[in-house]
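Please walk me through this structure, strand by strand.

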Amino acid sequence: MMQDFALVGTDVGNPARQGSTKKYPDGYLVTAGGTDIWGTSDQFHFAYTTHTGDFDFTVRLESLSSADLYTKAGIMARETLDAGSPHIYHMVFPDNSARNKNNGGYELQFRVKPDGDSAAVYPSDYTSETPEFPVFFPETWIRLKRTGNNFEAFGRAGEEQWKLFASQHLELNASLELGLAVTAHHLDETVLAFFKDLHME
């Protein structure tokens, strides 16, 4: 069940292909262009609300189309809407294909300083043929929790118990832009991400 809070959509970083946010009774459909959320500057579509203080945000990603191996969708907490803003981003890929230091679908990414380099936390064992954190659409669940300057990222499939993916200390502002971030990782294409069962405490 979606908790009753409203998200508004905007493009960040001036992507060549415009994105959109459409609200449904049970979730949000996000269309996104953008070349990536990585490096020193991001391009993506963001469905967000301003939130101050701790939070525990969960969502089920029912579907995610793919324009690239590194198409991304997930929960983001971001200081500003500037392209180089500090942020933390708990995201998934469209499938469980092998990627750089990742054999599953989940990843935790962050930027510490404005216009600084991005960094990522990868699965602890990314060489196994059986990933610890695979994605299983339509039952791919994502959770990002803030307690002070500590952020915890969880994943689960269906009704399984939440499993901690990573914990990261990050000194972000008390007030953040919090919501759903999607990037096509492609200059000329857009992707669709359907988020359902949003809940925030």
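Predicted model: local features only at pLDDT ≥ 70, side-chain atom pairs only at ≥ 80, totals over all residues.

Residues are numbered from 1 along each chain as its sequence is written, and side-chain values use heavy atoms, without hydrogens or water.

Start with the open sheet. Seven strands form it, in the order β2-β3-β15-β6-β11-β12-β13, with antiparallel pairing. Its edge strands are β2 (20-24) and β13 (163-169), each pairing on one side only. On average, neighbouring strands here are turned by 25° against each other, direction ignored. (The axes are lines fitted to C-alpha atoms, for helices over the stretch in contact; angles run from 0 to 180 degrees between N-to-C directions.) Strands are DSSP E runs of at least two residues, numbered from the N terminus; two of them pair if DSSP finds at least two bridges between them. Within this sheet, β3 (residues 27-32) and β15 (residues 191-200) run antiparallel, joined by six bridges. Val-30 faces Ala-193 in β15.

Now turn to β7 (residues 72-78). Seven bridges tie β7 to antiparallel β14 (residues 175-183), where Val-182 stands opposite Ala-73. Six bridges tie β7 to β8 (residues 87-92), also antiparallel. There, Met-91 is the bridge partner of Gly-74.

Finally, Thr-140 lies in β11 (residues 140-147). Thr-140 is buried, at 0% relative accessible area. Leaving aside neighbours within four places in sequence, its contacts (heavy atoms within 4.5 Å) include Val-59, Tyr-106 and Arg-156.

Notes: Helix = DSSP H or I, 4+ residues; strand = E, 2+ residues; numbered from the N terminus. Buried < 20%, exposed > 50% of the residue type's maximum accessible area, 1.4 Å probe, protein only.
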